[in-house]
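Dear colleague,

I am handing over the structure we spoke about, with sequence and coordinates below. My notes on what was found follow directly after.

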Amino acid sequence: MLTTACSFDASSDPNATTVLLFPAFKRIRNVPHTAKGIDALISAYLKAQKLHSAHAPLSDAQKAELMRDPSLATHLSQPEPVTKPTVLICGHGGRDQRCGVLGPILQDGFRADFARRNLDADVGLISHIGGHKYAGNVIIYLPPNMEDHPLSGAGIWYGRVRPEDVEGLVEETIVKGRVIIPMLRGGVTVDGSDIGRIVEAQLKIARGEDMTLKLKPRTRA
Amino acid sequence: MWQSRLYHSFVELRPTPFGSAQHILLSDITLMWYLTMLFANPTAAFCEHTCAKREYPSRATVPHLISVIDQQSEELDISEPRLRNLRAEPIPTVICKFPYPPPSLQLSSTMLTRTLRSRISRIGALRNDFTTFSRQQSTIPYTETCPSPTCPCTVTPAGLDIDRKTPLLHTMAPYSSHVLLCTGKPDWTSRIEDETSPAGHFTRALKERMGKGGKAFDVFTQLSRKRRSRMADGRKI
């Protein structure tokens, strides 16, 4: 689980927080700051849907504690689907100057580019996601309702994004649905697969590297 | 396409076409040999059977298949030292369309000793654990270059110490869910937990419950595989 703050509009209720969940692409408004509200969010949306087999020896009560319980979602407001492409840029200047300087510039760049293309997308700054030295750090979530888009439902992580790369990034990834290798840090697909690994395997094949089966004994000490 | 690595006591078959991985811990070189031959380097008989019937060899057909393999092995004179240099051929793509994962238990029941059978029966349980790891069915369209800008855009500010050498791929850890707390402001304290705002309170509450030692902490769901294995080794995560 990755928890970050973001610059999207806060809840109007000072005792509640609006939460976005990816790659579930859900927006849950006004999660109350009470123990009950936070427990409901964890149990209904964040716990495992299927327990790992290593948990098998646990008692039923302990297992139930770790399992997702969708019925608790009724304690929270109805989740709204996130239907627009969402661009999140690390702008955590309070932690590191590099993201702090580049984040807002990139945010303006993305907004200007979306306006020029007349494309409806959300752009926001987020807190630390790891790798300030790879600033600007950009995560692009493409909602599952973008049918026929090759990356619909995926989250793509880019690093070393320069303001001059923004136009190409929007063109390639959001419009055409292709990841840009030199800036790719990784990503998650709609079913939870690791985009980095998939792309790496494809690159190996494309570069003609030997993908035939190799059987190598481990050298004994 | 299959990827396989063979160690002296460890066979790892990654049947990506089926969307599931098998890690089989074995000590018997013979069994490894059969499994490798059958699944990683399918013989003509195996291909014929699986392609024609779109199913895996049943208990009844395994002895026949094994005898075919034995015969071929003899002809090829593959003894254990030569196994090290074995290079299997890529599997024809038609094989990649099996409707379900290979029934390992059926194979084991005919050709394995009782001890090995008990080990093999763990395959099913193990396989479930690696589903997220191996669900790599889809292809991701990509481009090797970022197109140059056509508009006069802002340039990168000078003086930022950006690492432009380290390869970027795999510099993120896969996660099960990304929780974004909407704060309405563009910058925060170094640690979100230190915020006095609702986001700080919320993050603290989430970490208290889902972090290490929390009631809802589930290492297998929340941590990436790398951090999980570091934790298993007793190292700091």
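Helix α3 of chain A (residues 97–117) has 21 residues and reaches 31 Å from its first C-alpha to its last, close to the 30 Å expected at 1.5 Å a residue, where the expected span is 1.5 Å times one less than the number of residues. Helices (H or I, at least four residues) and strands (E, at least two) are DSSP runs, numbered from the N terminus. Residues are numbered from 1 along each chain as its sequence is written, with chains lettered from A and ligands numbered from 1 in the order in which they are written.

In α3(A), a kink of about 25 degrees lies at A:G103, shortly before the proline A:P104; the bend is the angle between axes fitted to the seven residues ending at a residue and the seven starting there. Just after this helix, A:N118 takes a positive phi of about 60 degrees.

Of the 221 residues of chain A, 47% count as buried, meaning that 20 or more other C-beta atoms, placed from the backbone, lie within 10 Å of a residue's own. In α3(A) the buried residues include A:G103, A:L106 and A:F110.

Chain B calls for care: its pLDDT averages 58, and 35% of the residues score at least 70. Where pLDDT is low, the predicted coordinates should not be read in detail.

Best regards

Note on methods:
Predicted model: local features only at pLDDT ≥ 70, side-chain atom pairs only at ≥ 80, totals over all residues. Buried ≥ 20, exposed ≤ 12 C-beta atoms within 10 Å, placed from the backbone. pLDDT = per-residue confidence, 0-100.
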